[in-house]
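Open the structure in your viewer and keep the selection tool at hand. The stops below say what to select and what is there.

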Amino acid sequence: MAVRKLRNGKWVADVVVGVKADGSPDRRTRRFALKKDAQTQEALWKTEKTAKKGDAILSGRIPFRDFVEAIYWPQKKHLRANTVRNYKRDLKLRLLPAFGGMAIEEIGRMQVQRMIDSCETRKQATNARETLSSILSLAADMGLVAKNPASSKFNYPKRPPQAPDAFGVWLSTFDEHKKVLEHVRGEHGGESVERIVVLGLCCGLRKGEILGLDWERVDLERREIRIVQTYVIGDTSFLAEPKTEKSKRTVPLPLWALNRMKEWDVTPYCSPDLEGKPVHPVVVGKYGRRLSPNGAEKQVRKLREERFSDGTPMPGITMMSCRHSFATACIRAGIEVSSVSKWLGHEQISTTYNRYVKPLLSDLHGDVSTIDSIIGG
């Protein structure tokens with residue numbers, strides 16, 4: 001038998017892997033809450049069944065390339081589209097050139113370190129190792145290798161110094177936010193670039209969440225928007241489930257965002273959501289269709305070339321830095337980090353602190369006055 005759903009909503013993996021000593025079928029069954037877990041267990045038992053028949057291909061001698069294509073990908077159908085895209089990139093550029101024809105049992109710590117040393121940057125190396133670890137972890141679960149060599153500690157290329165504004169300029173106070181918001185209202189009121197900036201600076205939404213937002217998920221009476229999907233880049237742009245379960249959330253609308261959204265036109269263009277229901281995107285492009293991630297970045301880049309009415313240049317914000325700016329400004333304004341973390345849809349509060357809150361040096365110079373007022377000089 002195969003994976004099937006029970007009346008109580010659980011999933012059961014059911015496989016006959018062979019024959020017991022008394023001649024009765026060696027049947028394995030196990031229940032799971034999730035279908036994907038039952039499918040993974042089914043695959044493991046089928047591998048054991050095939051191995052008992054003496055099929056040499058399902059042993060540690062299977063080439064890395066064959067294991068990936070014949071076993072790994074069929075067992076990873078539940079992976080997010082972004083993850084699949086990144087894994088395939090790492091395989092094409094680094095893992096297959098290094099290990100393609102090598103038997104998986106021959107891949108050891110030394111071979112993994114050699115692959116890491118061939119990477120140009122620390123980011124490339126860590127991504128490639130994590131992808132390799134995912135693949136060899138499945139091989140270890142199946143008993144094809146004794147342990148996962150990619151799970152060890154390795155020496156990585158040194159991380160080059162990063163420019164302070166590598167991912168865009170952080171605006172660390174809501175006064176700075178207001179200056180940008182007033183500019184886009186005056187120069188681009190109702191346009192897609194204003195909608196992007198408002199949803200980023202006022203609500204802290206991710207890039208894909210901004211572009212995946214539909215008017216059907218906006219409740220202006222209750223001052224809320226519901227995040228249920230994200231718009232991502234694959235071979236083409238497409239809608240997908242949010243990053244994590246906590247990313248599915250309801251976000252309150254600050255007054256500025258509420259008043260601006262009341263002024264925005266609802267596009268007549270209708271597109272299907274993840275469930276195929278007709279919806280109306282909040283951020284649309286030139287022809288009224290949902291704006292693509294590349295199109296959105298292009299519009300924000302053009303915005304950075306503008307100047308305020310006083311002649312000062314527009315800060316180099318990006319869609320990413322708008323979200324980071326929101327988090328930083330919230331913390332600077334005294335909002336509890338637990339609230340900010342929930343607003344951003346993070347799994348852990350530490351993520352909010354470590355990745356999204358970025359005090360600037362100018363802010364630290366301002367904070368020193370607090371110390372001076374107490375200690376003096």
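Select K88 and W73: K88 lies over the face of W73, 5.7 Å from the ring centre. A charge counts as sitting over a ring if NZ of Lys or CZ of Arg is within 6 Å of the ring centre and within 35 degrees of the ring normal. Next select R290 and Y231, where R290 lies over the ring face of Y231 at 5.6 Å from its centre.

The model is predicted, and local features need pLDDT of at least 70, side-chain atom pairs count only at pLDDT 80 or more, while totals for chains, interfaces and linings use all residues. Residues are numbered from 1 along each chain as its sequence is written, and side-chain values use heavy atoms, with hydrogens and water left out.

**Aromatic pairs**

How many aromatic pairs does a search of the whole structure find? The search finds 3. Rings of Phe, Tyr and Trp (its six-membered ring) pair if their centres lie within 6.5 Å; planes under 30 degrees apart count as stacked, over 60 as edge-to-face and the rest as tilted.

Select F64 and F99, one of the pairs: the centres are 5.9 Å apart and the planes are at 65 degrees, an edge-to-face arrangement. F64 belongs to helix α2 (residues 64-75) and F99 to helix α3 (residues 81-99), so this pair ties together parts that are 35 residues apart in sequence. Helices (H or I, at least four residues) and strands (E, at least two) are DSSP runs, numbered from the N terminus. Are F64 and F99 buried or exposed? Both are buried. Buried means under 20% relative accessible area, exposed over 50%, and partly exposed in between (1.4 Å probe, protein chains only).

Now select F326 and W343. Their ring centres are 5.1 Å apart and their planes stand at 70 degrees, so this pair is edge-to-face. F326 is in helix α11 (residues 319-332) and W343 in helix α12 (residues 337-344), so the pair ties together parts that are 17 residues apart in sequence. F326 counts as buried at 2% relative accessibility, and W343 is buried with a relative accessible area of 19%.

**Along helix α11**

Select R332, which lies in helix α11. R332 counts as partly exposed, at 39% relative accessibility.

**Cysteines**

The structure holds 0 disulfides, a disulfide being a pair of cysteine sulfur atoms within 2.5 Å. Select C322, which is in no disulfide; its nearest cysteine sulfur, that of C202, is 9.6 Å away. C322 is buried at 4% relative accessibility. C330 is buried too, at 1%.

**The sheet β4-β5-β8**

Strands of a sheet pair through backbone hydrogen bonds, either parallel or antiparallel. Select the open sheet of 3 strands with the order β4-β5-β8, where the pairing is antiparallel. β4 and β8 stand at the edges, each with a single partner strand, so one side of each is left without a neighbour in the sheet. Two strands pair if DSSP finds at least two bridges between them.

Colour strand β5 (residues 224-227) by face: I225 and I227 are on its covered face, E224 and R226 on the uncovered one. Strand β4 (residues 218-219) runs antiparallel to β5, joined by 2 bridges, and V218 stands opposite I225. The two strands form a hairpin with 4 residues between them, and R223 in the turn has a positive phi of about 60 degrees. Next to look at is strand β8 (residues 249-252), which 4 bridges join to β5 in the antiparallel sense. Which residue in β8 is the bridge partner of I227? The partner is R249.

**The sheet β1-β2-β3**

Another open sheet of 3 strands has the order β1-β2-β3 and antiparallel pairing. β1 (4-5) and β3 (25-32) are at the edges, each with a single partner strand, so one side of each is left without a neighbour in the sheet. Strand β2 (residues 11-19) pairs with β3 over 8 bridges. Select V15 to find R28, its bridge partner in β3.
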